[in-house]
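Have a look at the structure first, then we'll go through it topic by topic.

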Amino acid sequence: MLALGSVGTYVWADTELHREVDLGKIADRPAQGQGTNYLIVGSDSRVGLSERARKDLHTGGSADAGRRTDSMILLHTGAHGTTMVSLPRDSWVTIPAHIRPETGKHYRASKNKLNAAFSFGGPDLLVRTIEHNTGVHVDHYTEIGLAGFVGIVNAVGGVPMCLDRDIKDEKSGADLKKGCHTLDGRTALAFVRQRHQEAKGDLGRSQNQQKFLAALAHKAATPGVLLDPSTVYPTMSAGLGTLIVDKDTGLPNLTSLFKAMKAVTEGDGKRLNVPVSNLALQTPKGSAVQWNTRQARQLFTEMNNDRAVTVGEKG
């Protein structure tokens, strides 16, 4: 009965995946490297959140508002374990020539913040922009909205997290004291979204996001969660509700991604921010994050060639 139930759950979950991104249609892509590269995107989509929930979670906006990127992580898994590299949404990059889906108007390649690529052309343009600026071939795309994130954290019974200082941020709603906590969906969302009291701004927030995702993967893999049907079903349902993936991603790929994130907590991997040279580059689009070109190129070359990563700031 357990075996049949597992098969049934697998088939159900696989059919529930929202395969909305076709990486095969993206033009001018870098050659496929060694190992496997995942682009993990946290969007600020409010789909699935009631008006009261949006207020309680300090998300602002409306349920039908266009989604934007809240976080972007390029994860590589291969011969040397897992490498998680956060790409600040304010990174100053080149957005390739593109056509705006809503207007059909053509735009030339131009410099802008990385977050703008998602706003202008959704996941397709975001992938193109990241590949263009890193040279890393993205094998799989995964994106989850706010409701899905909160639902997963609550379904696993919260995630243990230890803080080395007090965190209070009015905009995200974070209000946590120094020490160890079990974060529920609401407090976890506030924790990973807060940045205004981080000394490094988005870079500090990126480190928190990586730390939390690894802890979430570790908690979800514990026997009390993984083998408990009353937990497994709500967890999968909560995550699948707002999970968007590419057309070639199935549950085996997501399982590999899950294991790769979990491995980081066990010492088999690294959590990094892309190397930067300027956190407050003045641009026509406002203050932006400028990458350290030489170090970033070396980092992405090592990742794409599945070599041991030797550069980057440890998170």
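This is a predicted model: local features need pLDDT of at least 70, side-chain atom pairs count only at pLDDT 80 or more; totals for chains, interfaces and linings use all residues.

**The chain as a whole**

- The protein chain has 10 helices and 18 strands.
- Its length is 315 residues, and 50% of them count as buried.
- If you take the contacts between residues at least 6 apart in sequence, 69% of those join residues at least 24 apart.

**The disulfide**

- You'll find 1 disulfide in the structure, and it runs from Cys162 to Cys180 with an S to S distance of 2.0 Å.
- Cys162 sits in strand E10 (residues 159–163) and Cys180 in strand E13 (residues 179–183), so the link ties together parts that are 18 residues apart in sequence.
- The link of Cys162 and Cys180 is right-handed, with 100° about the S-S bond.

**The cavity**

- Searching the whole structure turns up 1 cavity of 30 Å³ or more.
- The largest cavity holds about 70 Å³ of space.
- Its lining is made of 11 residues, and the ones nearest the centre are Asp70, Ser71, Arg89, Ser206 and Gln209.
- Which elements each supply at least two residues of that lining? Strand E3 (69–78) and helix H6 (202–220) do, and H6 gives the most, with 4 residues.
- Sorted by class, the lining comes to 3 nonpolar, 4 polar and 4 charged residues.

- Gln210 is found in helix H6, the element that gives the most to the lining of the largest cavity.
- Why does Gln210 count as buried? Its relative accessibility is 1%, and the cut-off for buried is under 20%, so Gln210 is in the buried class.
- The Gln210 side chain reaches two backbone oxygens: that of Leu272 at 2.8 Å and that of Met84 at 3.3 Å.
- Leaving aside residues up to four places away in sequence, Gln210 touches Ile73, Met84, Val85, Ser86, Arg271 and Leu272.
- So both of the residues whose backbone oxygens are reached, Met84 and Leu272, also turn up among the residues that Gln210 touches, because the contact list includes them.

**Two aspartates with positive phi**

- Asp28 has a positive phi of about 55° although it is not a glycine, and Asp306 likewise shows a positive phi of about 55° without being a glycine.
- Both are loop residues: Asp28 lies between strand E1 (18–21) and strand E2 (36–43), and Asp306 lies between helix H10 (293–304) and strand E18 (313–314).
- Are these two buried or exposed? Asp28 is exposed, with a relative accessible area of 76%, whereas Asp306 counts as buried at 13%.

- Asn112 has its place in strand E8 (residues 110–113) and counts as buried at 8% relative accessibility.
- Not counting residues up to four places away in sequence, Asn112 touches Ser91, Trp92, Val93, Ile95, Phe120 and Lys285.
- Leu146 belongs to helix H4 (residues 146–155), and at 3% relative accessibility Leu146 counts as buried too.
- How far is the C-alpha atom of Leu146 from that of Gly185? The separation is 9.6 Å, for a pair 39 residues apart along the chain.

Conventions: Residues are numbered from 1 along each chain as its sequence is written. Side-chain values use heavy atoms; hydrogens and water are left out. On a 1 Å grid over the protein atoms alone, a cavity is a set of points where a 1.4 Å probe fits but cannot get out, and a pocket is an open set with protein on both sides within 12 Å along at least five of seven lines; lining residues have an atom within 4 Å of a point. Grid points are joined across faces, edges and corners, and a volume is the space filled by probe spheres set on the points. Ala, Val, Leu, Ile, Met, Phe, Trp, Tyr, Cys and Pro count as nonpolar, Asp, Glu, Lys and Arg as charged, and the others, Gly among them, as polar. Buried means under 20% relative accessible area, exposed over 50%, partly exposed in between (1.4 Å probe, protein chains only). A disulfide is a pair of cysteine sulfur atoms within 2.5 Å. A polar contact is a pair of N or O atoms within 3.5 Å; within protein, one must be able to donate a hydrogen and the other to accept it, and residues adjacent in sequence count only if both atoms are side-chain atoms. Contact means heavy atoms within 4.5 Å.
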